[in-house]
Amino acid sequence: MKTIIECCVSASATRVCGLLPYRNYSCNSMLATCSASSSTTRRTLSLSLISTTFSAFIFSLSPPSSSSSSSSSSSKLPFSKFFEIPDSGGVKALDLLDGSGEVPSDGDQVAIHYYGRLAAKQGWRFDSTYDHKDDNGEPNPFVFVLGSGKVIAGIDVAVRSMKVGGIRRVIIPPSLGYQNTSQEPIPPNFFDRQRLFTTIFNPTRRANGEGSTLGTVIFDIELVSVRHP
């Protein structure tokens with residue numbers, strides 16, 4: 001089975017590689033190709049390895065200053081690839097894998113896999129659909145109706161412009177993140193749920209002006225399927 005090793009370069013130029021489907025990323029200037037075979041389920045690996053690859057430096061890098069030399073161009077690249085989704089209210093996205101399927105519309109039932117992390121607490125991962133298993137041990141995607149208001153607004157915005165098969169990292173500001181404890185996706189584990197909401201809605205830290213940091217969430221989203229009503 002033909003695969004490629006997708007290599008993404010962090011600010012320190014350390015490469016983290018993993019087997020992913022044979023497809024092109026928008027950040028293809030950072031790819032190294034090869035042939036290999038793998039009996040592992042590649043769909044699970046795709047989002048898992050992408051999340052692992054980027055999680056370390058996405059929270060630690062600061063935007064490069066104008067005095068940076070051209071030799072440090074590799075550290076600027078992750079920032080240059082993020083874009084603000086039009087009319088989103090501030091959601092920033094990085095397309096890690098371009099989908100080839102259809103684009104959903106409001107009212108469609110969509111299924112996604114995701115990794116959810118806080119911008120605070122060193123990027124703590126509070127939930128993942130790959131931890132939600134069915135009776136056969138397979139990961140259960142998260143299903144919702146687009147535009148229904150069931151999920152936080154930032155996820156609605158992100159999925160609305162994706163294609164099936166695509167993988168996108170989104171940085172969601174507090175205004176489009178969790179506004180209350182009933183908005184989904186909600187971690188099924190009680191302790192993860194408590195930690196998430198006590199961090200985001202911490203009254204003392206919010207009063208100290210830390211709300212923008214506490215409420216910012218980052219999701220890696222794979223659009224699995226779209227079902228029309």
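Predicted model: local features only at pLDDT ≥ 70, side-chain atom pairs only at ≥ 80, totals over all residues.

Trainee: What share of the contacts join residues at least 24 apart?

Mentor: That would be 68%, counted among contacts between residues at least 6 apart in sequence.

Trainee: Let's go to a helix. Is H3 mostly covered or mostly uncovered?

Mentor: Helix H3 covers residues 153-160 and is mostly covered, with 6 of its 8 residues buried. Those are Gly-154, Ile-155, Asp-156, Val-157, Ala-158 and Val-159.

Trainee: Which strands do the buried residues of H3 pack against?

Mentor: There are four names to look up: strand S5 (109-118), strand S7 (142-145), strand S8 (167-172) and strand S9 (217-227).

Trainee: I noticed Arg-169. Is Arg-169 buried or exposed?

Mentor: Arg-169 is in strand S8. Its relative accessibility is 0%, so Arg-169 counts as buried.

Trainee: Which side chain does Arg-169 have a polar contact with?

Mentor: The side chain of Asp-220, at 2.5 Å.

Trainee: What about the residues between the strands?

Mentor: The hairpin of S5 and S6 has 6 residues there, and Lys-121 takes a positive phi near 55 degrees. Gln-122, in the loop between S5 and S6, also has a positive phi of about 55 degrees although it is not a glycine. With 77% relative accessibility, Gln-122 counts as exposed.

Trainee: Why do those phi values deserve a second look?

Mentor: Because most residues other than glycine have a negative phi. Asp-87 is another one to check: its phi is positive, about 55 degrees, and it is not a glycine. Asp-87 sits in the loop between strand S3 (83-84) and strand S4 (92-97), and at 82% relative accessibility Asp-87 counts as exposed.

Trainee: While we're on the backbone, where is there a cis peptide bond?

Mentor: Look from Glu-184 to Pro-185, where omega is near 5 degrees. Pro-185 lies in the loop between S8 and H4.

Trainee: Now the aromatics. How many aromatic pairs are there?

Mentor: The count comes to 10 aromatic pairs. One of them is Trp-124 with Phe-126, a tilted pair with 6.2 Å centre to centre and 55 degrees between the planes. Both Trp-124 and Phe-126 are buried.

Trainee: And what kind of pair do Tyr-178 and Phe-197 make?

Mentor: Their ring centres are 5.8 Å apart and the planes are at 80 degrees, so the pair is edge-to-face. Tyr-178 is in the loop between S8 and H4 and Phe-197 is in helix H4, so the pair ties together parts that are 19 residues apart in sequence. Tyr-178 is buried, with a relative accessible area of 4%, and Phe-197 counts as buried at 9% relative accessibility.

Trainee: Which residues do ring pairs link into a cluster?

Mentor: The cluster holds Tyr-114, Trp-124, Phe-126, Phe-142, Phe-144, Tyr-178, Phe-197, Phe-201 and Phe-219.

Trainee: Which residue lies over the face of Trp-124?

Mentor: Arg-195, at 4.1 Å from the ring centre.

Trainee: What about Phe-191, buried or exposed?

Mentor: Phe-191 is in helix H4, residues 190-200, and counts as exposed at 64% relative accessibility. Between Phe-191 and Phe-126 there are 9.7 Å in space, C-alpha to C-alpha, and they are 65 residues apart in sequence.

Trainee: Last one: where is Gly-165 found?

Mentor: Gly-165 is in the loop between H3 and S8. Gly-165 is buried, with a relative accessible area of 15%. The C-alpha atoms of Gly-165 and Leu-97 are separated by 7.8 Å, with the two residues 68 apart along the chain.

Notes: Residues numbered from 1 in each chain as written. Heavy atoms only, no water. Contact = heavy atoms within 4.5 Å. Buried < 20%, exposed > 50% of the residue type's maximum accessible area, 1.4 Å probe, protein only. Helix = DSSP H or I, 4+ residues; strand = E, 2+ residues; numbered from the N terminus. Polar contact = N/O pair within 3.5 Å; in protein donor to acceptor, adjacent residues only side chain to side chain. Pairing = 2+ DSSP bridges. Phe/Tyr/Trp six-rings, centres within 6.5 Å; stacked < 30°, edge-to-face > 60°. Lys NZ or Arg CZ within 6 Å of the ring centre and 35° of its normal.
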